[in-house]
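The exercises below concern a helix and the charged side chains around it.

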Amino acid sequence: MVCSCKFAPQNINSVFIKNILLLFSVLILCINAVSIVHEKNFEAERTPTTSLDFPKSIGNTIFYLKRDFVAFKEALAFKESQGKYEVVNSFGYLGKYQFGSTTLHRFNIYDTEEFLKNPTLQEKAFVALCKVNKWILRKDIKRSVGKTINGVKVTESGILAAAHLSGAGNVKKFLRSNGAQGFSDAYGTSIKSYLKKFANYNVSTILADQKATV
């Protein structure tokens, strides 16, 4: 019994040292874990916005990863009216895409108040107009896409946007005159500016159709 008690203080010291070492190891592991989490968060913060999965459409605030027809029409709508369906400008142009009454009559739309309250009808009218303009300008699209006119590379989406601005006839004159016959709307916006601003969208889903309807 005496011999057993003689070594008791050494055993206590040994256990204490082991506990200290264990606590120190746990502390080191915790510090490493926090460091790893911080590093991951830092990497996430540096992720380019282009790699994030934004929704394709939510109301009037829209982010796009693809330059497709939906992106094209929403970009054009934002330029025309900030994407607002019930807007009427000082010259009487109507809705999200700022249609003139003559254009609406082309699609048998005469009730402008109903038109302003009907987002579905406005979207259908825009698609129909793009189809008609694409048919009217089909030869010019074939001849002109890829060329550079007045410093701007011509694309199919740019042509359709310019046709929405000025009418297909004026775009045809602009392209066939190699930019000599220009056009600007009442606010001073030109065909050239629309060719540039709305270039390089994929609008291949819109098929040329002379008789497109809503």
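**Exercise 1.** Is Lys 134 buried or exposed, and what is its relative accessible area?

*Solution.* The model is predicted, so that local features need pLDDT of at least 70 and side-chain atom pairs count only at pLDDT 80 or more, while totals for chains, interfaces and linings use all residues. Residues are numbered from 1 along each chain as its sequence is written, and side-chain values use heavy atoms, with hydrogens and water left out. Lys 134 has a relative accessible area of 10% and is therefore buried (under 20%; exposed is over 50%, partly exposed in between, with a 1.4 Å probe and protein chains only).

**Exercise 2.** Identify the salt-bridge partner of Lys 134 and state which helices the pair joins.

*Solution.* The side chain of Lys 134 meets that of Glu 156 in a salt bridge, at 2.5 Å from N to O (a side-chain nitrogen of Lys or Arg within 4 Å of a carboxyl oxygen of Asp or Glu). Because Lys 134 lies in helix H6 and Glu 156 in helix H8, the pair ties together parts 22 residues apart in sequence (helices are DSSP runs of H or I, at least four residues, numbered from the N terminus). Glu 156 is partly exposed, at 22%.

**Exercise 3.** Trace the network of salt bridges that includes Lys 96.

*Solution.* Lys 73, Glu 74, Lys 96 and Glu 123 are linked in this network. Glu 74 pairs with Lys 96, their closest N and O atoms being 3.0 Å apart. Lys 96 also meets Glu 123, at 2.8 Å from N to O. Both Lys 96 and Glu 123 are buried.

How values were computed: Helices (H or I, at least four residues) and strands (E, at least two) are DSSP runs, numbered from the N terminus.
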